[in-house]
Amino acid sequence: MDLATVNYPRCVDGWWNLGQGAFIGKRKKKQSSYQKTKEEYEKKQAEYMQKKEEAEKRQKDKEEAQRKYKEQKLERYKMLCKKTRKGQPNLNLQMEYLLKKIQDRT
């Protein structure tokens, strides 16, 4: 056979024609070890940053919840520790607090 007459598949616009309408895309170039290492490093960095952001968000939420709880606790303490002129506990405020607590639950 003459090499000029052999019908080899041709590359047209990056596609290899294998005949009868079958096309296969370009082969992927093998990555060098540097490129593989760099890609793995970038992937690990992305995962690390995502975990770090999630941890920061959880920490902020936790701090906000603690701050809210402390405010509510201080408000409750101020209301319940009030005394009358004679030093007796102010039961009227305690009853108001209990009523408010019941109304909030329903």
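User: At what angle do helix H1 and H2 pack?
Analyst: This is a predicted model, in which local features need pLDDT of at least 70 and side-chain atom pairs count only at pLDDT 80 or more, while totals for chains, interfaces and linings use all residues. Residues are numbered from 1 along each chain as its sequence is written, and side-chain values use heavy atoms, with hydrogens and water left out. Helices (H or I, at least four residues) are DSSP runs numbered from the N terminus. The axes of H1 (residues 33-80) and H2, lines fitted to C-alpha atoms over the stretch in contact, lie 8 Å apart, and the angle between their N-to-C directions, on a scale from 0 to 180 degrees, is about 145°.

User: Which residues of H2 make the contact?
Analyst: Contact means heavy atoms within 4.5 Å. From H1 come Glu75, Arg76, Met79 and Leu80, and from H2 Leu93, Gln94, Tyr97 and Lys100.

User: Is Thr106 buried or exposed?
Analyst: Thr106 lies in the segment after H2, and its side chain reaches the backbone oxygen of Gln103 at 3.3 Å. Buried means under 20% relative accessible area and exposed over 50%, with partly exposed in between (1.4 Å probe, protein chains only). Because its relative accessibility is 83%, Thr106 counts as exposed.

User: What percentage of the residues in the chain is buried?
Analyst: The chain has 106 residues. Buried residues make up 3%.

Definitions and conventions: Helices (H or I, at least four residues) and strands (E, at least two) are DSSP runs, numbered from the N terminus. A polar contact is a pair of N or O atoms within 3.5 Å; within protein, one must be able to donate a hydrogen and the other to accept it, and residues adjacent in sequence count only if both atoms are side-chain atoms.
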